[in-house]
Amino acid sequence: MMKTLWVIGATLILMDFISGMSEPNSHDPVINSKLKNGRGLPVFHGNVTEGSRVVQLDQPLKATDQDVQGGARFICGYRVISPRKNIPFTVELLDRTTGEAQVKVAEGRKVSFEKRKRYKFSVIAYDCGQPARESNRAIIFIHIEDVDRFAPTFDKPDYEVDMEEDRLYDPLMTLHAHDKDRSKQFKEICDYEIKNPYVPFTIDKNGNIRNTQKVYYKDRHNFILKIIAQDCGGKPSKAVFVNILVKEKCRPQWTNFPEQIQYLANSGKQKVASGASLQWCDHTCVPDQVTLQMQLATKHIGKGCDRDTYSITSQRKLCGANDRSVDLLPSPSLTTSWTQYLPTDDGKESDQVFYFDGESNAVEVPENRFNHTLRKHFTIMTWMKHEHAELKDKKYRKEHILCMSDGENMNRHHYSLFVHGDKLVLLLRREAEDASDMEVFKPAEWRWKIPEINQRDEWHHYAISMNFPHVQLYVDGNMVIPDDDNSEVVDDWPLHKTNKVQDTKLIVGACWEGGHHKFNHYFRGYLAGLSVLKGKTESERVIRCLNNCQENLDFSALSAMHSGTTVSFNREMTDFRIQSKNASEVQALLREVHYINSRKFPTPGRRNLTVTTAIHCGSTEIFLPVVQSYILVRPAAEPSITIRGRSTLSSTVDKLKAGVPIFEDINISVDFAVENTEGKVNHILGKDEIQGDGDRNIELGKEEKLQLKLEKKKAKQDTTSKVSDAQFILLDSCTVKAEPTLDLLHERLELPTMIMNEFNMKIEGTQTREGLVISNADNIENYILVLRGIRYVHEKDTAFRDRSFHLSCSSQNGRFSSNVMDVKIMKSHEENNVVLPMRAQQAVQHIQLPSVSGTSNMAIGSASPNVGMIAIIVVCVGFLLFMIILGVIRIRAAHRRTQVVQVEPEMEWDNDMNITVNPMEQETHPLHVFDYDDGVGKSMRDDSDSEDDCSSYHDDEDDDSSDEETVPKKELEWDNSI
């Protein structure tokens with residue numbers, strides 16, 4: 001009983017304890033939403049981006065509870081409810097008091113738009129009461145937002161398409177790219193783009209490629225386009241390459257015509273289109289006539305083409321012209337200084353060109369240069385490029401090329417050549433010979449209206465020959481046939497004789513008004529080669545010769561022409577025409593057209609070549625596309641002119657009075673510099689030099705020197721055919737400048753007039769204080785003979801002092817100039833005094849003798865047996881001194897014409913030494929020297945100049961001996977290498 005009561009009591013106590021610990025939980029949590037479904041359940045919508053975790057809901061997710069006591073008033077969490085498993089979302093409580101929560105992607109889970117675009121699940125909330133109570137069910141819809149994860153890709157890794165030239169395509173081709181993204185925003189391609197700049201193609205957003213302009217095969221054979229695609233999210237694809245091949249459209253044209261033709265100087269004739277083909281595509285039409293014209297453009301070269309650049313005097317000699325013609329615009333020199341202040345062109349590829357500005361510059365021709373008077377017979381010639389002047393007060397002003405007028409008090413123009421608008425005018429006013437002549441009206445002005453006068457930037461040659469009263473005008477070597485439209489002759493009275501005028505002035509580039517003491521009527525343009533021949537007229541042959549171009553087209557395949565075919569050239573051979581009934585024959589004849597430039601040193605540069613072709617087919621004439629090509633003339637190996645000779649002379653007073661040859665042993669050589677395949681420069685026909693690597697000289701033995709000479713000999717043989725020989729080089733001027741200037745009262749320079757007359761060489765300024773100039777184109781040998789004959793004469797005993805002469809020569813009007821060789825003349829008091837060459841003096845001065853102190857030191861520091869060696873050295877030194885003194889005495893006693901033999905580089909003696917040979921001993925004991933170059937005996941003075949043609953004036957004597965190699969007898973000279 002008691003036990004039963006104990007159990008009942010304990011139970012009551014436990015129930016009372018439990019009831020004391022529990023709290024009231026009267027209400028369920030409630031989830032509220034602005035949106036309800038049909039069944040009244042709250043609805044939430046949310047979005048989440050791929051790669052993100054937090055879902056963005058359209059309204060906050062909250063659960064509330066009406067309990068106010070205990071834990072029942074708090075929300076402890078949310079639970080996801082779905083019939084589907086693996087829902088990748090969870091609800092995370094943010095605030096227990098407010099019940100706010102956040103929907104997130106579960107930890108370790110990912111969402112992908114490509115796998116599932118939407119999710120639907122339910123959630124309930126539960127409070128913290130004991131026991132917990134659950135809320136109503138809320139439905140959540142979540143939309144997965146796509147991320148542009150994939151770049152677009154093209155269907156192919158690359159593309160290739162053909163397109164025909166001369167055609168517009170719409171479209172040429174269509175590209176297609178796709179995207180692995182599933183959303184409409186990112187899976188669609190919104191744009192295509194060509195990344196190449198400046199290409200004639202475009203692509204639209206649908207991938208259609210079009211060409212914006214016509215393309216041609218001759219310009220480009222293909223185009224490679226770099227193209228990318230972009231999806232609507234802006235993500236670009238990798239570039240794809242589209243190779244567009246341009247296909248040549250068959251059409252009538254010339255094919256395989258070279259774009260340029262390389263022409264090497266002195267290479268002779270060269271075909272310009274040896275592989276050209278005429279393509280004719282219209283097989284329905286058979287051509288009945290084909291006309292071709294090829295034009296070589298040379299107007300920009302020099303004065304219209306490549307002409308010889310010798311001075312006007314030299315050109316006249318080469319053309320066989322009258323030697324009395326006077327050059328009024330010579331290149332400035334010691335004796336022709338009046339042109340030195342005129343502006344000139346910078347280049348020397350053509351002859352001297354002078355510029356006249358039309359405002360201020362003109363020159364007066366000295367009367368001692370040219371007698372001003374012109375009478376009934378003369379020829380005026382000039383090259384002119386006139387700059388057309390604008391109208392002033394509706395009138396053209398006169399521009400005088402040449403004008404002879406009164407020097408003072410009056411303004412009479414005796415004769416003149418001037419430009420007036422589009423006319424060239426020659427004025428010749430002759431003075432009356434007697435009273436009856438004053439009453440005779442005679443022709444005084446000749447006017448020619450010719451288009452060449454004002455052709456912009458073009459040179460023309462004008463020659464006017466007067467055989468009074470008849471005048472002939474030649475333009476570019478062609479005589480102008482006078483008619484009523486192009487010529488006019490005006491008569492006038494003769495000039496009255498007057499005592500007011502004592503002198504006249506001859507002006508080039510303007511006209512002098514003596515009454516106003518000023519220049520007027522300035523010429524504007526370029527002049528060159530202005531010359532006057534008085535007393536005679538020049539022949540038409542010479543005028544044509546002076547106009548000859550040295551470059552032209554050439555055609556010689558006359559035997560290949562068939563009946564009905566004609567070929568023609570213009571006079572300059574720069575315009576070539578073929579007319580035939582057969583297209584294939586025109587093609588064959590075109591392949592035989594050559595270009596040739598006969599100048600030894602042509603003007604380098606470009607000559608444009610134009611070919612036009614017209615094909616007649618019935619009544620239709622079809623013009624083929626014009627072929628534009630050019631000939632590129634390469635520069636020739638330029639000559640280097642070297643003058644060698646004795647640099648010092650010593651002479652007595654008596655010899656100075658008689659005249660001393662100052663260039664008696666002169667030699668002129670020509671050296672050509674050509675570039676080998678390695679880009680290094682070799683000197684041909686010049687002096688051999690032995691050099692080491694870089695700037696370091698090396699010592700070579702005899703065998704090494706021999707090997708080096710053999711290699712140079714072979715190189716010379718390989719390249720000699722590519723350069724011009726020195727014998728074809730013509731000098732056209734040599735200048736001897738005196739320093740100090742000559743006192744013409746008792747000193748002068750005498751020239752060998754007999755030799756100069758023999759070679760028709762013109763003497764310039766023989767009595768000038770500055771020196772003299774010898775001019776006219778001639779070969780080097782003739783110039784050497786004349787220079788060796790120049791004598792310096794000094795007639796006053798006490799007035800002589802040491803003086804110098806500076807000699808320089810040039811070719812092609814100064815285009816190629818030599819070095820300046822200096823010769824110093826000193827007065828000697830001994831009749832038979834012979835001056836040692838400088839090199840010989842240096843050789844004597846540089847002999848090293850053993851010093852006494854050095855010998856003493858050797859004796860002190862050596863054993864007694866060395867005393868004998870010292871004695872031998874002393875004896876040798878004494879013997880050497882004796883031989884030197886003896887040699888000097890013999891040199892002083894030698895004949896005045898004692899000469900020096902220079903040792904070849906491979907000889908065993910020191911190259912800086914010279915050997916003096918007594919002429920008597922030379923005749924008694926002939927010298928034999930073996931030359932390693934070719935095995936033929938030569939004089940030891942033989943140098944690189946041995947190839948100079950001047951050796952022809954020292955002909956070897958006949959030698960009947962064939963058993964021995966003997967040296968031909970030549971005059972020995974002092975060594976002048978220093």
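Tutor: Let's start with a cut-off: a residue counts as buried when its relative accessible area is under 20%. Keep in mind that the model here is a predicted one.

Student: Thanks! Is Thr-382 buried or exposed, then?

Tutor: With a relative accessible area of 2%, Thr-382 is buried, because that value lies under 20%. You will find Thr-382 in strand β28, which covers residues 377-386.

Student: Which residues does Thr-382 touch, leaving out those up to four places away in sequence?

Tutor: Thr-382 touches His-460, His-461 and Tyr-462, and also Leu-527, Ala-528, Gly-529 and Leu-530.

Student: How far apart are Ala-738 and Leu-749 in sequence and in space?

Tutor: They are eleven residues apart in sequence, and their C-alpha atoms are 9.6 Å apart.

Student: Now for sheets. How do I read the one that contains β50, β57 and β54?

Tutor: Look at the strand order and at the direction of pairing. This open sheet has three strands in the order β50-β57-β54, with antiparallel pairing. The edge strands, β50 (660-661) and β54 (747-750), each pair on one side only.

Student: How many bridges join β54 to β57?

Tutor: Four bridges join β54 to β57 (residues 791-794), and the two run antiparallel. As a landmark, Glu-747 stands opposite His-794 in β57.

How values were computed:
Residues are numbered from 1 along each chain as its sequence is written. This is a predicted model: local features need pLDDT of at least 70, side-chain atom pairs count only at pLDDT 80 or more; totals for chains, interfaces and linings use all residues. Side-chain values use heavy atoms; hydrogens and water are left out. Two strands pair if DSSP finds at least two bridges between them. Buried means under 20% relative accessible area, exposed over 50%, partly exposed in between (1.4 Å probe, protein chains only). Contact means heavy atoms within 4.5 Å.
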